[in-house]
Amino acid sequence: MKNILVIGSAGQIGSELTPELRKRYGHSNVVAGIHKTRPSRELLESGPAEIIDITDGEQLPPVIRKYKIDTIYNLAALLSVVGEARPLEAWQVGMNGLLNVLEVSREYRCAVFTPSSIGAFGLSTPLDNTPQDTIQRPQTMYGVTKVAGELLSDYYFKRFGVDTRSVRYPGIISNVTPPGGGTTDYAVEIFYAAVKEKKFTCPIGPNTFLDMMYMPDALEAAIQLMEADPSRLKHRNSFNVTAMSFCPEMIAEEIRGQIPDFKISYEIDPIKQSIADSWPNKMDDSCAREEWDWNPKYDLPGMTKDMLGITEKKAESGFPSSEIGPRAS
Ligand code: AKB
């Protein structure tokens, strides 16, 4: 990777992946692709940036040529809940956008990372120790685009030799940019609520297990996979990766270890609950461990300690208003 383009660089993952890539590969070698989400000043000032709408196939080639891009991190997507509210837009961004990225990569020989998700699974998938290769019949438009995106990316690899690689991310817990419109967002919101109010109303049931991952591990997964020796890769699109599996009761208990009077109550959101019920309780990520040495650092206690420490520091200096509640996507 010499010259990198991050599409969706102002989003939840992009706002942390772009600075990490700039640190590792040189600030001027990583272009921040921005579109609807407002980027931070730091993102704009720490390296090159371009406005790119990936649903318009004409917009990518000039940027690829201008910066001699050889690697694209394609992070543009509408998450699961917002994708149910706006399914056509979810398809436009997730599928037509991906097709444009793959086409430009075929022409200019770029490597491509496009995250998939636990959303690529559905109720007919084995939900405990979900295997790497298994039934994928998701019930959301987000999931449909993720499965189709996995297939399309494998097709471009096999048919045209485009170096496509991907992971199935679980819910990602982050403290820089909040997620917006996802089913797993509660696992981020709970920390802000715990620090601000010592109480949280959870939209999914107390015993609903889901895979989760702390952002530093999510960044490592993307970069490590793109750096992996291709001769070791038996899979490409996409690898199961997980770091921890918990339900709301477990994270609440962990938070109470540091905020003893923290209280959780439940007001079930039927859409979020039915999506969560159709996703794995815990994935088997042994293929990622075998093929490119995936080994996450953060478990539930380690992540909770770090998240609470950082969220408390932010509270002392006053939360920026965009960080208090879920963002509109
Ligand atoms: C969502 O909840 O939609 C995402 C995901 C697990 O892909 N965070």
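A polar contact here is a pair of N or O atoms within 3.5 Å; within protein, one must be able to donate a hydrogen and the other to accept it, and residues adjacent in sequence count only if both atoms are side-chain atoms. Welcome to a predicted model, in which local features need pLDDT of at least 70 and side-chain atom pairs count only at pLDDT 80 or more, while totals for chains, interfaces and linings use all residues. Residues are numbered from 1 along each chain as its sequence is written, and side-chain values use heavy atoms, with hydrogens and water left out.

**View 1. Polar side chains reach the ligand.**
In the side chain of T184, an N or O atom is 2.9 Å from a nitrogen atom of the ligand. S80 places a polar side-chain atom 2.6 Å from an oxygen atom of the ligand, and a polar side-chain atom of Y142 also lies 2.6 Å from a ligand oxygen atom. Taken alone, the ligand exposes 260 Å², and the protein buries 94% of that; these accessible areas come from the Shrake-Rupley method with a 1.4 Å probe, and for residues only the protein chains shown count as cover.

**View 2. Aromatic rings bring separate parts of the chain together.**
Rings of Phe, Tyr and Trp (its six-membered ring) pair if their centres lie within 6.5 Å; planes under 30 degrees apart count as stacked, over 60 as edge-to-face and the rest as tilted. By this rule there are 8 aromatic pairs. One of them is the tilted pair of Y73 and F113, 5.5 Å centre to centre with 50° between the planes. Y73 lies in strand 4 (residues 71-74) and F113 in strand 5 (residues 111-113), so the pair ties together parts that are 40 residues apart in sequence. Y73 is buried at a relative accessible area of 0%, and F113 is buried at 0% too. Y214 and Y298 form an edge-to-face pair, 4.8 Å centre to centre with 80° between the planes. This pair links distant parts of the chain, 84 residues apart: Y214 is in strand 12 (residues 210-214) and Y298 in the loop between helix 11 and helix 12. Y214 counts as buried, at 1% relative accessibility, whereas Y298 is partly exposed at 24%. Buried means under 20% relative accessible area, exposed over 50%, and partly exposed in between (1.4 Å probe, protein chains only). Y73, F113 and Y169 form one aromatic cluster.

**View 3. Helix 7 is mostly covered.**
Of the 12 residues in helix 7 (residues 186-197), 10 are buried. They are Y186, A187, V188, E189, I190, F191, Y192, A193, A194 and V195. After helix 7 comes K198, with a positive phi near 60°. Helices (H or I, at least four residues) and strands (E, at least two) are DSSP runs, numbered from the N terminus.

**View 4. H235 contacts two side chains.**
Look for H235 in the loop between helix 8 and strand 13, where H235 counts as buried at 18% relative accessibility. Its side chain joins that of D133 through a polar contact of 2.9 Å and makes another polar contact, of 2.8 Å, with the side chain of E291. C287, in helix 11, is buried with a relative accessible area of 17%. C287 and K234 are 53 residues apart in sequence and 8.6 Å apart in space, C-alpha to C-alpha.

**View 5. A few backbone details to look for.**
The peptide bond from N237 to S238 is cis, with omega near 10°. S238 sits in the loop between helix 8 (215-227) and strand 13 (239-240). N129, found in strand 7 (residues 128-130), has a positive phi of about 50° although it is not a glycine. D293, also not a glycine, has a positive phi near 65°. This residue, D293, lies in the loop between helix 11 (286-292) and helix 12 (300-316) and is partly exposed at 45% relative accessible area.
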